[in-house]
Amino acid sequence: MSAVAGGAFGAGKAGAPFDPLQFIKRPQVILRGISWLFAIVVFSCISSGGWYAHSCIMNKDDNACGYGTGIGVLAFLICIGFLIVDALFENLSSVQHRKYAVLADLGISGLWTFLWFVGFCYMTDAWRRTEKIQHGGRDNVQAAIAFSFFSIFTWGGLTFLAVRRYRLGAQEAFASGYDQDPNASSPYSSFPGSDTGDPYQQPPFSQQKETPDYQQPTY
């Protein structure tokens, strides 16, 4: 596995000191923090007001409440895990390890974008078919549905940033693998004693020998 010499996948070279201020300014860190907050709102609203008499108030569909709570809790944990990865990313000295981290971010962010979309549609449909309720919990459910909708865009943004980081890393790997040093000497060096500097001169043995002067014999 190759080491990171000058930076790869949108981060600096390994061993650079950690800067908390620059860390929290990164777009993926900001979006991950917002997604973490939205996940808390979703599962806490459902847990506190989405149930009544051991039944989900969204059309009495326990799966709707369970689905929203499940993806919310998992999204909460995933955000914490990837925030740690983001903080340690520049200390990954292997380009291959950085690639795996970016691919994991890409796959999970894309999956959760889809899961939030499904959850929003599912809970919205269950809430639409819910009969008028006489107890509390309406505001909680509506807040959970709203922040499920907002989470689609935050996780979609994380997916986009992961794609951009992966493409940037692939371009850097291609450039480092195929770019040649312009100052490198040519493998076809000229022959000694050549003043022209032409690396493709003919070898000296291919030159024609000069005909020696003919002397008429004396008798």
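In the packing around Trp155, this residue touches Ser35, Ala75, Ile78, Cys79, Ile108, Ser109, Trp112, Thr113 and Trp116, leaving out residues up to four places away in sequence; contact here means heavy atoms within 4.5 Å. The structure is a predicted model, in which local features need pLDDT of at least 70 and side-chain atom pairs count only at pLDDT 80 or more, while totals for chains, interfaces and linings use all residues. Residues are numbered from 1 along each chain as its sequence is written, and side-chain values use heavy atoms, with hydrogens and water left out.

Trp155 also belongs to the largest nonpolar core, a set of 28 residues, and is listed with Met58, Trp112, Trp116 and Trp127 among those with the most contacts inside it. Such a core is a set of buried Ala, Val, Leu, Ile, Met, Phe, Trp, Tyr and Cys residues joined through side-chain atoms within 4.5 Å, where buried means under 20% relative accessible area with a 1.4 Å probe, protein chains only. Two or more residues each are given to this core by helices H2 (27-49), H3 (62-88), H4 (95-128) and H5 (138-178); helices are DSSP runs of H or I with at least four residues, strands are E runs of at least two, and both are numbered from the N terminus. The largest share, 7 residues, comes from H3.

Helix H3 also packs against H2: their axes come within 8 Å and cross at roughly 155 degrees. The axes are lines fitted to C-alpha atoms over the stretch in contact, and angles run from 0 to 180 degrees between N-to-C directions. H2 is therefore roughly antiparallel to H3, a label for angles over 145 degrees. The contact includes Ser35, Trp36 and Phe43 of H2, and Ala75, Phe76 and Cys79 of H3. Its residues divide into 15 nonpolar, 6 polar and 2 charged; Ala, Val, Leu, Ile, Met, Phe, Trp, Tyr, Cys and Pro count as nonpolar, Asp, Glu, Lys and Arg as charged, and the others, Gly among them, as polar.

Gln28 is found in helix H2 and counts as buried because its relative accessibility is 11%. Beyond its neighbours within four places in sequence, Gln28 is in contact with Asp86, Leu158, Leu161 and Arg165.

Turning to a strand, Cys56 lies in E2 (residues 55-56) and is buried, with a relative accessible area of 1%. Cys56 touches Gly50, Trp51, Asp61, Asp62 and Cys65, not counting residues up to four places away in sequence. The C-alpha atoms of Cys56 and Gly66, 10 residues apart along the chain, are separated by 8.6 Å.

Definitions and conventions:
Buried < 20%, exposed > 50% of the residue type's maximum accessible area, 1.4 Å probe, protein only. Parallel < 35°, antiparallel > 145°, perpendicular 65-115°, else oblique.
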